[in-house]
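Morning, everyone. Please bring up the model on your screens, and we will walk through it together.

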Amino acid sequence: VNSVAFSPDGRTLASATEDSTVILWDVARRERRGAPLRGHTEVVASVAFSPDGETIASASWDGTVVLWDIARGQPHGAPLRGHTATVLQVAFSPDGRTLASASEDGTVMLWDVAGGLLFGAALRGHTGAVWSVAFSPDGRTLASASGDSTVILWDVARRQPRDTLRGHTGAVWSVAFSPDGQTLASASDDGTVILW
């Protein structure tokens with residue numbers, strides 16, 4: 001199991017598995033809800049719930065992202081294709097309209113959730129795999145963490161980098177914003193956490 005995510009109401013847990021499926025769990029009963037969600041052809045690396053709890057996004061080694069209709073247990077249309085390598089993580093914007101995907105190909109992509117379409121070109125700025133992405137609470141900034149030891153802060157509306165944060169000496173595996181959006185935490189292979 002590579003990744004887990006709680007639904008906004010806390011009643012459902014989604015897990016991303018090595019057997020190419022996403023499994024939904026009833027938290028109170030501690031048992032699986034329905035059949036596994038099948039739509040990927042390789043390992044599922046990451047899962048995320050939309051803010052309204054009606055959609056799950058899954059990222060896979062097969063280079064795709066799938067948006068799942070939870071009520072129906074089926075994909076919302078075809079898989080989202082654009083990355084040229086493993087998709088490592090997905091994250092919804094606070095309003096649920098945009099999905100960010102991070103890939104081993106060194107890019108970040110922003111997707112229109114309703115239409116399943118890519119918003120413009122891929123965001124390029126890293127020289128290594130992008131391991132993690134996180135939206136600020138107001139949705140205006142996206143942070144991306146990379147194997148190139150940097151974190152890039154992106155202006156979501158303009159689709160351009162605002163700043164590159166340098167301080168780690170190893171790959172940056174994860175980033176997370178504080179609830180007020182004033183602080184960003186980054187976790188690295190160098191054994192440190194930096195608060196920005």
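This is a predicted model: local features need pLDDT of at least 70, side-chain atom pairs count only at pLDDT 80 or more; totals for chains, interfaces and linings use all residues.

Two strands pair if DSSP finds at least two bridges between them.

Let's begin with a hairpin. β8 and β9 form one, with 4 residues between them. Look at Gly-73 in the turn: its phi is positive, about 70°. The two strands pair in the antiparallel sense over 2 bridges. Asp-69 has Gln-74 in β9 as its bridge partner.

Now the whole chain. How many helices and how many strands are there in the protein chain? The count is 0 helices and 22 strands. The radius of gyration is 16 Å, close to the 16 Å that the globule rule gives for 196 residues, so the chain is as compact as a globular protein of that length. Along its principal axes, the C-alpha trace spans about 45 × 35 × 30 Å. Buried residues make up 51% of the 196 residues. Take the contacts with a separation of 6 or more: residues 24 or more positions apart account for 35% of them.

Back to β8, residues 64-69. Is β8 largely enclosed or left open? 6 of its 6 residues are buried, so β8 is largely enclosed by the rest of the structure. Both faces are covered. On one side sit Thr-64, Val-66 and Trp-68. On the other sit Val-65, Leu-67 and Asp-69.

What else pairs with β8? Strand β7, residues 55-60, is joined to β8 by 5 bridges, running antiparallel. There, Ala-57 stands opposite Leu-67. β7 and β8 also form a hairpin, with 3 residues between them. Gly-63 in that turn has a positive phi of about 85°. Then there is strand β10, residues 80-81, joined to β8 by 2 bridges, again antiparallel. Val-65 has Leu-80 in β10 as its bridge partner.

Stay with Asp-69 for a moment. How many salt bridges does the structure hold? The structure holds 1. Arg-72 forms it with Asp-69, and the closest N and O atoms are 3.1 Å apart. Why does Asp-69 count as buried? Its relative accessible area is 16%, and buried means under 20%.

Compare a residue in the loop between β8 and β9, namely Ala-71. At 77% relative accessibility, Ala-71 counts as exposed, because the cut-off for exposed is over 50%. Now find Asp-180, 109 residues away from Ala-71 along the chain. Their C-alpha atoms are separated by 32 Å.

Next, His-40. You will find His-40 in the loop between β5 (37-38) and β6 (44-49). Although in a loop, His-40 counts as buried, at 9% relative accessibility. Which side chains make polar contacts with the side chain of His-40? One is Asp-62, at 3.2 Å. Another is Thr-64, also at 3.2 Å. Leave out residues up to four places away in sequence, and His-40 touches Ser-20, Ser-58, Ala-59, Ser-60, Asp-62, Thr-64, Val-65 and Val-66.

Now another hairpin. β11 and β12 form it, with 5 residues between them. Gly-96 in the turn has a positive phi of about 80°. β12 covers residues 98-103 and pairs with β11 in the antiparallel sense over 5 bridges. Ala-91 has Ala-100 in β12 as its bridge partner.

β16 pairs with β17, residues 141-146, over 5 bridges. Phe-135 stands opposite Leu-142 there.

The other open sheet has 3 strands, in the order β20-β21-β22, and the pairing is antiparallel. β20 (172-177) and β22 (193-195) stand at the edges with a single partner strand each, so one side of each is left without a neighbour in the sheet. The twist averages 15° from one strand to the next. Strand β21, residues 184-188, is joined to β22 by 3 bridges. Ala-185 has Leu-195 as its bridge partner.

That's the tour. Questions, please.

Note on methods
Residues are numbered from 1 along each chain as its sequence is written. Side-chain values use heavy atoms; hydrogens and water are left out. Buried means under 20% relative accessible area, exposed over 50%, partly exposed in between (1.4 Å probe, protein chains only). A polar contact is a pair of N or O atoms within 3.5 Å; within protein, one must be able to donate a hydrogen and the other to accept it, and residues adjacent in sequence count only if both atoms are side-chain atoms. Contact means heavy atoms within 4.5 Å. A salt bridge is a side-chain nitrogen of Lys or Arg within 4 Å of a carboxyl oxygen of Asp or Glu. Axes are lines fitted to C-alpha atoms, for helices over the stretch in contact, and angles run from 0 to 180 degrees between N-to-C directions. The radius of gyration is taken over C-alpha atoms; the globule rule is 2.2 Å times the number of residues to the power 0.38.
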